[in-house]
Amino acid sequence: LPIAVLVSGSGSNLQSIIDRIEAGVLDVEIKLVISNKTDAYGLERARKHDIPTRVLLHTDYDSREAFDTDMVHAIRESGVDKGGVVVMAGFMRIVTHVFLGAFENRVINIHPALLPSFPGVHGQGDAAEYGVKISGCTVHFVDEQMDHGPVIIQAAVPCLPGEGGDALGSRILKMEHRVFPQALQWLAEGRLEIDERFVRLKPANK
Ligand code: GRF
């Protein structure tokens, strides 16, 4: 399965995907890594594994749509079309209908909380501050709302007494590194079906 990965930061989720591919347990090929930040460490991780990279600065564009148009072009040029998948791995931008229309039901994101609880950029801290006893992470198909769309997989992480968002977040991140590659492998096997807003996991072909 050809994929493009979008990052804005550290790219540890990108790394978890690369590691699974190299271990021979994830049947995807990363055709391109795009960052909207020049200094994203995710770019460095990609280069170390000879994965093509592009930097597209949203600040160079007048509108989200214009930015998305260029991202779509870059991704298509890399060899990812409607049959591929776009993975948002810590990509801190909302994408528009321009982007989602080009890759319909083929864009996934990971969020460090159990959606629909605690969407937004401080999901870990918000959960810790609220005092929930369980949080976790969510992989979902992306729609035009932030951290919203059909849920593919979630994993629970207990919130420990007295623990702040940073400590909770780093334990959630470890869980992210397990579930994101799993969701991708299901996509690679053609096992995910969207029915209205419900994602069904079809049985594996034996
Ligand atoms: C993760 O916590 C992810 O859930 C959120 O952004 C963070 C990205 O981390 N969307 P990394 O860049 O993959 O290390």
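# Working chat: loops, domains and core of a predicted model

Me: Where does Asn105 lie?
Reply: Asn105 sits in the loop between α4 and β5. Helices (H or I, at least four residues) and strands (E, at least two) are DSSP runs, numbered from the N terminus. The model is predicted: local features need pLDDT of at least 70, side-chain atom pairs count only at pLDDT 80 or more, and totals for chains, interfaces and linings use all residues. Residues are numbered from 1 along each chain as its sequence is written.

Me: What is the phi of Asn105?
Reply: Asn105 has a positive phi of about 55°, although it is not a glycine.

Me: And how many C-beta neighbours does Asn105 have?
Reply: Asn105 has 17 C-beta neighbours inside 10 Å, so it counts as partly exposed. A residue is buried if 20 or more other C-beta atoms lie within 10 Å of its own, exposed if 12 or fewer, and partly exposed in between, with C-beta atoms placed from the backbone.

Me: Moving on to Phe118: buried or exposed?
Reply: Phe118 counts as buried because it has 22 C-beta neighbours inside 10 Å. Phe118 is in the loop between β5 and α5, and its phi is near 55°, a positive value in a residue other than glycine.

Me: Which loop holds Pro116?
Reply: Pro116 is in the loop between β5 and α5 (123–130). The peptide bond from Leu115 to Pro116 is cis, with omega near 10°.

Me: How is the protein divided into domains?
Reply: There is domain 1 (1–104) and domain 2 (111–206). These bounds come from an automatic or database domain assignment. The centres of the two domains, taken over C-alpha atoms, are separated by 19 Å.

Me: How many residues of each domain are in contact with the other?
Reply: In domain 1, 18 residues are in contact with 14 residues of domain 2. Two residues are in contact if their C-beta atoms, placed from the backbone, lie within 7 Å.

Me: Which elements of domain 1 supply that side?
Reply: On the side of domain 1 that touches domain 2, α1 (12–22), β4 (85–88) and α4 (97–102) give two or more residues. The most come from α1, with five residues. By class, this side of domain 1 has eleven nonpolar, five polar and two charged residues. Ala, Val, Leu, Ile, Met, Phe, Trp, Tyr, Cys and Pro count as nonpolar, Asp, Glu, Lys and Arg as charged, and the others, Gly among them, as polar.

Me: Which residues come nearest to the ligand?
Reply: Ser10, Ser12, Asn13, Gly90 and Pro112 come nearest, of the 14 residues around the ligand. A residue is near a molecule or strand if its C-beta atom, placed from the backbone, lies within 6 Å of it. The shell around the ligand has five nonpolar, eight polar and one charged residues.

Me: And where do the shell residues come from?
Reply: Domain 1 and domain 2 each contribute at least three residues to the shell around the ligand. At least two residues of the shell are supplied by each of α1, β5 (107–111) and α6 (165–188).

Me: What about the largest nonpolar core?
Reply: The largest nonpolar core has 55 residues, and those with the most contacts inside it are Val5, Leu6, Val86, Val87 and Ile108. Such a core is a set of buried Ala, Val, Leu, Ile, Met, Phe, Trp, Tyr and Cys residues joined through C-beta atoms within 7 Å. α6 gives the most to this core, with seven residues. Both domain 1 and domain 2 give residues to this core, so it lies between them.

Me: Which residues does Leu6 touch?
Reply: Not counting residues up to four places away in sequence, Leu6 touches Ile34, Val86, Val87, Met88, Ala89 and Phe91.

Me: How do β8 and β9 pair?
Reply: Strand β8 (residues 192–195) and strand β9 (residues 198–201) pair in the antiparallel sense over four bridges. Two strands pair if DSSP finds at least two bridges between them. Leu192 has Leu201 in β9 as its bridge partner. The two strands form a hairpin with two residues between them, and Glu196 in the turn has a positive phi of about 55°.
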